[in-house]
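Subject: Structure handover

Hello,

Here is the structure for you to look through. My notes follow it.

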Amino acid sequence: MVSCMERGGRIFSSFHRQARTEGDRSIRARLVIAVLLLMLPVAFLFSLSAGASDASLVALLRSIFAGEALAATDTIIIYDIRLPRVAMGALVGASLALSGAVMQGLFRNPLADPGVVGVSSGAALGAVTIIVLGDTFLAPFIEPLGSYALPLAAFAGALATTATLYRLATRKGRTSVATMLLAGIAIAAMAGAFTGLLIFIADDQQLRELTFWGLGSLAGATWVKLGAIGPTVAAALCAAPFLAKGLNALALGEAVAGHLGVSVQRFKHVAIIAVAAATGAVVAVSGGIGFVGIVAPHLLRLLIGPDHRYLLPASALLGAVLLLLADTAARTVVAPAELPIGIVTAAVGAPFFLWMLLRIRGIVDL
Amino acid sequence: MIEASGLSVAIGVKPIVSEVSLKARAGEVTVIIGPNGSGKTTLMRALSGEIPYAGSIRMNGNEIAGTKLGQLSAMRAVLPQATSLAFPFTVREIVRLGILDGRPGGAAQSERLPELALERVDLAGYAGRFYQELSGGEQQRVQLARVLCQVWQPVEEGVPRYLLLDEPVSSLDIRHQLVIMEIAQDFARNGGGVVAILHDLNLTAMFADHVIVMSGGRLAASGARAEVLKDDILARVFQCALKVNALPGGMVPFVLPQTACSGAP
Ligand SMILES: Nc1ncnc2c1ncn2[C@@H]1O[C@H](COP(=O)(O)OP(=O)(O)O)[C@@H](O)[C@H]1O
Ligand SMILES: [Mg+2]
């Protein structure tokens, strides 16, 4: 993926050299977004056709474009099992990368990510609470919410942690990276302790559910779950263009953002809610899938620069593509068994995160 | 006109600016001088609508506290004493951030504006450089170019606009100090208003139409440059036995910016 991106970068920069205005990366950014728009359906079909059963890409394409009937088992596998899963993968990847990019802009730091600074842990606590205590004294409150209970609880957990974190780490418009990361560790530990307590009292059935969920997986994807998170994620994606201008101004600091006409407090509230909603929804259905929110925006900043008008949509697209590829890998590497996708993204993402730390440690004062 | 009356600012419980009344007219360069910590920056932050205040500040007749930020941003641009940048933007991308949506002139004009503004601050050809890789003085001029983009026309629809500059020349070489002050002067000559905080008394003498002296959070003096730049006022405020229009004794050379009639080489 990385080497392909680099090659893309070279092609685009040679194109860029002919461009009329120097230092204007918007043409390049639009090109990258166009390429990603093309890559998404390809990755989508690729992921749809890969897996333990040999429902092949060719058969699938024939059924879509030539109207040839698929075998009955293939139809079930593709439309009832893989399609919701792949659609969910795309949604989850898009929201992970988008919330990463928004959070990085908000904290003015490329290392901020819901997974790294404990927001996902807060969301997980909310979700685990529902899984474990859902049938107990909480039942009367949860029942009416139906399948929305889990994402809502995760959203509440994510919102509480993001708001706390921002309070702690940001003073006078400047975010201390050290405080942010340390507070994130403490918040994650605290949420982890409560989650642990809940796991301790969980029964066997719940435990199995929790373990698989906690490692991060798309295996449980259903149309119902998709319907539960769909609206939240769609809302967060739709909010992105409106956040872009504010995030750009915020890159110059809160005072300057105000000078440029951004009502900073209100903007921060909206951004925090958007991040928490996206993270909550994602954690609720897929557990802890890490690093997509750091990897995708960072690669794109190298390629098209940090202008959020382009960075946000491009991040959502690249996040979706990356997660589809990761999920395909998770399903095929040890087939017929499958790896939790969180293991795949961590295996690729964690080293990337360390490489990033090396690259930027001269710029960011920790 | 920016008109403050009975303006006080407290940060926490600490009063920083007390009972300041001033007028900064459109068409004039108003310069604020005063020792470190005398409240100049705080005063300017209040004038720009950044912090709450007691008393009254009117910009073109509108009370700042009751004016929407979006409306303020169309009326005035602010160059802070220091700006930090979070991500690796190019110079052009930074300058472009000063172009606000919905400005008259249309897209075609605003796409050319960053280049024009950069040329104005003597940074033509810097558009493609990364901001973080520039020297401090170059960064300061990039920020000024961004600020200029925000209020490119000093007068819009008959309404004057304002430049609020906090130590705009603090890290510039002498030639660029003059270049920047001439931009400010031009802006005022074309009908806009400029409020600038300066430490250089000679530049103040050269460019200020109106001088405001701050000391200990209060207004120590204000008026035309000849009324304010006087031995007794300067000695009292800066606690330094300065003499206006006096040559130093002995053989030590001295250089006055006034001797260069223009910033151009
Ligand atoms: N945010 C703040 N919190 C506390 N004290 C402040 C703050 N900002 C400024 N001050 C104090 O107010 C005084 C005036 O500051 P400032 O307006 O920055 O001075 P100047 O720009 O004239 O050097 C200083 O004593 C400074 O310590
Ligand atoms: Mg100051």
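In chain A, what share of the contacts between residues at least 6 apart in sequence join residues at least 24 apart? The share is 76%, where contact means heavy atoms within 4.5 Å.

First, the conventions. The model is predicted, so local features need pLDDT of at least 70 and side-chain atom pairs count only at pLDDT 80 or more, while totals for chains, interfaces and linings use all residues. Residues are numbered from 1 along each chain as its sequence is written, chains are lettered from A and ligands numbered from 1 in the order in which they are written, and side-chain values use heavy atoms, with hydrogens and water left out.

Chain A

Chain A has 15 helices and 2 strands. These are DSSP runs numbered from the N terminus, helices being H or I with at least four residues and strands E with at least two. Of its 366 residues, 54% count as buried; buried is under 20% relative accessible area, exposed is over 50%, and partly exposed is in between, with a 1.4 Å probe and protein chains only.

Where chain A meets chain B

The contact involves 30 residues of chain A and 32 residues of chain B. About 2,400 Å² is buried between the two chains, with carbon and sulfur atoms accounting for 61%. Buried area here is the accessible area (1.4 Å probe) that two parts lose on being put together, summed over both. On the chain A side, A:L252, A:H259 and A:L260 supply 28% of the area buried against chain B, more than any other three residues.

There are 2 salt bridges between the chains, a salt bridge being a side-chain nitrogen of Lys or Arg within 4 Å of a carboxyl oxygen of Asp or Glu. A:D24 and B:R92 form a salt bridge, with their closest N and O atoms 3.7 Å apart. B:R92 sits in helix α3 of chain B and is buried, at 2% relative accessible area. Leaving aside residues up to four places away in sequence, B:R92 touches several residues, including A:T21, A:E22, A:G23, B:E111 and B:A127.

With 4 residues, α11(A) gives the most.

The magnesium ion

The protein donors of the magnesium ion (ligand 2) are B:T41 (OG1) and B:Q81 (OE1), 2.0 to 2.5 Å from it. Donors are N, O and S atoms within 2.8 Å of the metal (3.2 Å for Na, K and Ca); water is not among the atoms, so sites may look incomplete. B:T41 is in helix α1 (residues 40-47) of chain B and B:Q81 is in the loop between β6 (76-79) and α3 (91-96), so the pair ties together parts 40 residues apart in sequence. B:T41 is partly exposed at 26% relative accessibility, and B:Q81 is partly exposed at 39%.

The domains of chain B

Chain B is assigned domain 1 (2-229) and domain 2 (230-265), with bounds from an automatic or database domain assignment. Between these domains there are 0 salt bridges.

Regards
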